[in-house]
Amino acid sequence: MHIFRFRNSAGPRLGLLLEGEHFDLTAASPEFSDVATWLSLTDPVAAILDANSRVRNFPLSHPVTLTAPIDRQEVWASGVTYLRSKVARMEESESQAGGDFYDRVYNAERPELFFKAMPERVVAPGNPIRIRQDSSWNVPEPELTLVLSTSGAIVGRTIGNDVSSRSIEGENPLYLPQAKVYEGSCALGPMIAVSDGTQDGQTIQMTITRDGSAVFSGQTSTTQMRRTQEELASYLFRELTFRTGAFLLTGTGIVPPDDFTLRSGDLVSITIEGIGTLENPVA
Ligand code: DO4
Ligand code: MG
């Protein structure tokens, strides 16, 4: 069961993908008028299960153009949750004596969480992500992304791309917000896989294509994450209230080699088992 967000002449709406067929979820109940209303329900997953038969009265016959599956939520991100990410960041900041920070946060009880994007800055599937003009080393970061209800429950999962400047991040850890937060640096989608309560390891795969050929391909599994998804979500909700829910990227376990940097015209394709494929060209 996947929730998607699309736009028709009446404005943005939610849809439900059931057994390969698309339905208009918003037409089925005002509980699904938007993502914020859905995430504010006492039990968003139960509400979707309950709507399963009703929604079949509202099939979508035409192909729909997906928007990012977010409306009024803040997007947050986790860092250094995979060994690969820790090692890469220690290397990039070695000459600036910053490496030790990453080792310490990887092993610490408190995770690294940082603010990533306002919803209006999130890039939809198929739309261009960006690299900073003042950055010489840029990478996509393919990340399992938690969709959190207003009470902090994991009610779904989607795909996030935490596009980052490694040259700015490596220069000084205090530059992290500039390395991470800028126009076109966060893509989400294509859909939200509604949580079925299980949390089997999911494969994450990323391919970067340039002029028709793959210039990088990598794979990991969420089983390689050092922290649990619940742990990350509960730290985020410790001292913050999210009245419309929240999105939380869970960190990258795939880092291209140090001589790789994104270029304008590249195509980044991220696939997560059970969710789908998020594809964005680089502007
Ligand atoms: O500490 C810097 C950011 C780490 C990050 O974004 C990641 O591990 O995915
Ligand atoms: Mg990241």
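This is a predicted model: local features need pLDDT of at least 70, side-chain atom pairs count only at pLDDT 80 or more; totals for chains, interfaces and linings use all residues.

User: What makes Pro-44, Val-45, Ala-47, Ile-48 and Ala-51 of helix H3 count as buried?

Analyst: Buried means under 20% relative accessible area, and in helix H3, which spans residues 44-51, these five residues, Pro-44, Val-45, Ala-47, Ile-48 and Ala-51, are buried. They cover an arc of only 160° around the axis, so they lie on the same side of H3.

User: Which elements cover the buried residues of H3?

Analyst: Contact means heavy atoms within 4.5 Å, and the cover includes the strands S1 (2-8), S2 (11-18), S8 (154-162) and S10 (186-194), together with the helices H1 (25-28) and H2 (35-39).

User: How do you know which residues line the largest pocket, and which are the closest to its centre?

Analyst: A lining residue has an atom within 4 Å of a point of the pocket. The largest pocket has a volume of about 320 Å³, and of the 16 residues that line this pocket, Ala-193, Val-194, Asp-196, Thr-198 and Gln-202 are the closest to its centre. H3 and S10 each supply at least two residues of that lining, which divides into five nonpolar, seven polar and four charged residues.

User: Why does the lining of the second largest pocket have no polar residues?

Analyst: Phe-101, Tyr-102, Arg-104, Val-105, Glu-112, Pro-173, Leu-174 and Leu-176 line that pocket. Because Phe, Tyr, Val, Pro and Leu count as nonpolar, and Arg and Glu as charged, the lining has six nonpolar, no polar and two charged residues. Its largest share, four residues, comes from helix H5 (residues 99-107).

How values were computed:
Residues are numbered from 1 along each chain as its sequence is written. Chains are lettered from A and ligands numbered from 1 in the order in which they are written. Side-chain values use heavy atoms; hydrogens and water are left out. Buried means under 20% relative accessible area, exposed over 50%, partly exposed in between (1.4 Å probe, protein chains only). The arc is that of the directions from the helix axis to the C-beta atoms. On a 1 Å grid over the protein atoms alone, a cavity is a set of points where a 1.4 Å probe fits but cannot get out, and a pocket is an open set with protein on both sides within 12 Å along at least five of seven lines; lining residues have an atom within 4 Å of a point. Grid points are joined across faces, edges and corners, and a volume is the space filled by probe spheres set on the points.
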